[in-house]
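Below is a short briefing on the structure shown here, with the cut-offs behind each term.

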Amino acid sequence: MTTETPILSVKNLHRDFKMGDETVHALRGVSFDIHRGEFVTIMGTSGSGKSTMLNILGCMDRPTSGHYILDGEHTEKLKRDALAKIRSQKLGFVFQSYNLLSRTTAIENVELPLLYNSKISSAERRRRAVEALERVGLVDRMNHLPNQLSGGQQQRVAIARALVNDPVIILADEATGNLDTRTSYEIMMIFQELNRQGKTIAFVTHEPDIATFSGRTITLRDGLLKKDVKNETVQDAKTAFEALPPPENFDN
Amino acid sequence: MSPLTLIKIAIRALLRNRMRTFLSVLGIVIGVAAVITMVAMGEGSKKSIKEQMTAMGTNAIIIMPNRDRRGGVQMESTESLEEADVIAIRENATYINGVSPMITVGGQAIVGNNNSPTALSGVSADYLKIRNYEIEDGVMFDDQADRMAKVCVIGQTVVKNLFPEGDPIGKTIRYKSIPLKVIGTLKAKGSGDFGQDNDDVIFTPYQTVMKRFNATTNIRQIYANSIGEGYAEKATEEIMGILKERRSWTKPTDPFRVFTQEEMIQMVTSTSDMLSLVLTAIAGISLFVGGIGIMNIMYVSVTERTKEIGLRMAIGARGRDILLQFLFESVIISLLGGAIGIALGIAASETVKIAMNWPMSVSITSVIVSFAVCFTTGVFFGWYPARKASQLDPIEALRFE
Ligand SMILES: Nc1ncnc2c1ncn2[C@@H]1O[C@H](COP(=O)(O)OP(=O)(O)OP(=O)(O)O)[C@@H](O)[C@H]1O
Ligand SMILES: [Mg+2]
């Protein structure tokens with residue numbers, strides 16, 4: 001595993017934010033690799049730099065200094081448009097607040113990333129979107145609007161949208177942050193299943209139980225890498241879900 | 001990303017906000033409809049005035065006494081026209097085809113219980129060819145044989161008013177209790193766009209009017225026509241020369257005023273050109289206001305959809321894709337508004353034409369120009385909001401609430 005080139009590699013990453021006279025050091029020299037097929041959770045207290053890290057990994061932001069190599073490409077030198085191209089072709093994003101386009105059907109939301117890739121025909125686009133919705137178990141809802149879906153279902157549409165361009169890595173920032181425990185576990189079942197099928201995943205969370213579903217946990221503190229541990233016993237989300245008290249109990 | 005896909009994205013976005021789209025389209029619709037209608041109005045009246053001028057006769061020239069103006073007060077001219085002037089012009093002028101006095105008497109013609117409120121025009125036989133009238137039945141009177149004769153030639157409106165049963169030739173009409181025998185009728189000429197009726201005429205020899213109706217030797221107007229297009233100026237000079245010579249005129253000012261048809265057309269069209277210009281300017285301003293409306297709504301739209309823009313960028317849209325999407329949105333709004341506005345403008349023009357009997361002429365130029373202006377408006381007023389959208393930072397845009 002260590003001999004293989006990592007899919008993603010950050011070296012001595014710094015990110016400073018200038019706020020008037022003050023400078024906030026959000027990242028102060030972080031280095032790690034992620035290999036193909038890994039499911040990594042990124043933990044840390046609020047303000048430790050998790051989102052800042054993920055935005056750089058997602059090519060939405062650039063480091064102040066340091067290196068970030070994604071799928072063999074040095075991204076820190078790239079311009080705005082080149083970064084957009086990487087986001088379009090190599091990355092899938094899942095957000096805490098779903099960020100689906102309102103008044104737009106589930107299938108159209110899932111198709112959206114492919115619209116920005118001119119090589120894909122509309123028939124191909126539709127086919128891939130249906131396939132992505134199948135993988136999150138929502139084909140029967142493909143013509144529903146976001147406001148006709150539950151939070152968990154909306155997040156599944158968002159996962160399908162992140163999958164549709166067949167990215168080298170899926171990045172999720174607190175993807176279960178807005179959901180109750182049961183629904184969170186359902187979402188984690190999907191992520192685990194995707195990982196089993198070979199998808200590489202980096203998942204930001206501050207809930208320790210969510211971290212137990214991943215194979216590796218990176219912990220940040222004050223912009224520095226504090227811990228990077230392999231989980232010897234990865235919990236199965238499906239088993240954990242079934243162990244939860246049934247939903248009727250909430251009524252009592 | 002292909003332009004076609006961008007257009008599709010833009011249309012989807014517009015459909016998602018139907019009300020807002022509708023309102024911004026409306027601004028343009030009103031502007032364009034106003035342009036089309038105003039221009040149609042201006043063009044229509046210009047065209048109809050020209051037609052009327054031509055209906056007056058080809059190459060017509062009108063000679064009138066020159067009113068002196070002293071200190072802004074109009075004085076009656078001391079010089080007046082008389083029969084001898086007409087004869088002198090007819091005999092000596094070489095650039096003239098025909099010449100006729102024109103003396104009118106107001107009143108009404110009566111036959112039994114029927115009457116017709118038509119002015120009586122004292123003219124000579126030449127008047128028909130000067131004004132493009134033709135005889136339908138009977139004959140025109142002769143200047144020599146019918147001098148002072150109590151005869152008349154009447155237009156079709158007068159025929160309808162006085163002889164509902166038809167067959168007026170040989171019958172007698174009464175005008176101010178003087179009996180006039182109808183010896184001819186005129187072919188129908190139709191009415192002009194402003195409602196004046198060219199067939200509501202009664203012609204009688206001018207000497208008849210001078211002796212029997214007015215008891216005067218004064219002639220208020222002389223009509224003539226030049227021998228062809230382009231001879232108006234020469235004919236005018238010639239006529240003025242003859243009139244001055246008869247009076248041994250030495251003053252620097254002309255004793256009479258001579259209007260040629262060309263001059264009159266120019267005068268009238270320059271006034272209606274001015275009118276068109278003012279109308280177009282007003283309409284143009286409303287189109288500009290419509291454009292500002294688009295810009296306003298596009299700005300609101302960009303702000304409101306900041307999160308959407310952030311998301312689109314996060315999933316791979318380049319700045320250019322966002323710019324073009326918003327630009328297409330505003331161009332679609334303005335072209336849609338343009339198309340509806342043109343249809344509405346044409347419909348409004350037709351309505352005004354039918355309901356208010358106003359001459360309207362929708363010009364192709366105004367349609368093309370409106371469309372072009374709409375496109376430019378869309379690009380121009382859509383540019384800044386679109387550029388603002390394209391320069392957003394994806395992370396900050398996504399965080400926007
Ligand atoms: N755009 C910015 N401008 C200024 N400071 C920023 C900006 N983004 C992040 N920071 C600062 O960088 C630090 C790390 O922020 P970050 O959002 O990465 O934390 P986080 O680990 O994601 O926290 P949370 O768990 O609350 O989401 C914080 O101190 C934050 O205030
Ligand atoms: Mg965060």
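**Fold, surface and interface**

In chain B, 81% of the contacts (heavy atoms within 4.5 Å) between residues at least 6 apart in sequence join residues at least 24 apart. This is a predicted model, where local features need pLDDT of at least 70, side-chain atom pairs count only at pLDDT 80 or more, and totals for chains, interfaces and linings use all residues. Residues are numbered from 1 along each chain as its sequence is written, chains are lettered from A and ligands numbered from 1 in the order in which they are written, and side-chain values use heavy atoms, without hydrogens and water.

Shape of chain B
- The C-alpha trace of chain B spans about 100 × 55 × 35 Å along its principal axes.

Burial and surface of chain B
- Buried residues (under 20% relative accessible area, 1.4 Å probe, protein chains only) make up 49% of the 401 in chain B.
- Carbon and sulfur atoms hold 59% of the accessible surface of chain B, which comes to about 19,300 Å² (Shrake-Rupley method, 1.4 Å probe).

Interface of chains A and B
- 28 residues of chain B are in contact with 24 residues of chain A.
- About 2,300 Å² is buried between chain A and chain B, with 58% from carbon and sulfur atoms (accessible area lost on being put together, 1.4 Å probe, summed over both parts).
- Arg80(A), Leu115(A) and Tyr116(A) supply 28% of the area that chain A buries against chain B, more than any other three residues.

Key: Buried < 20%, exposed > 50% of the residue type's maximum accessible area, 1.4 Å probe, protein only. Buried area = accessible area lost by both parts, 1.4 Å probe.
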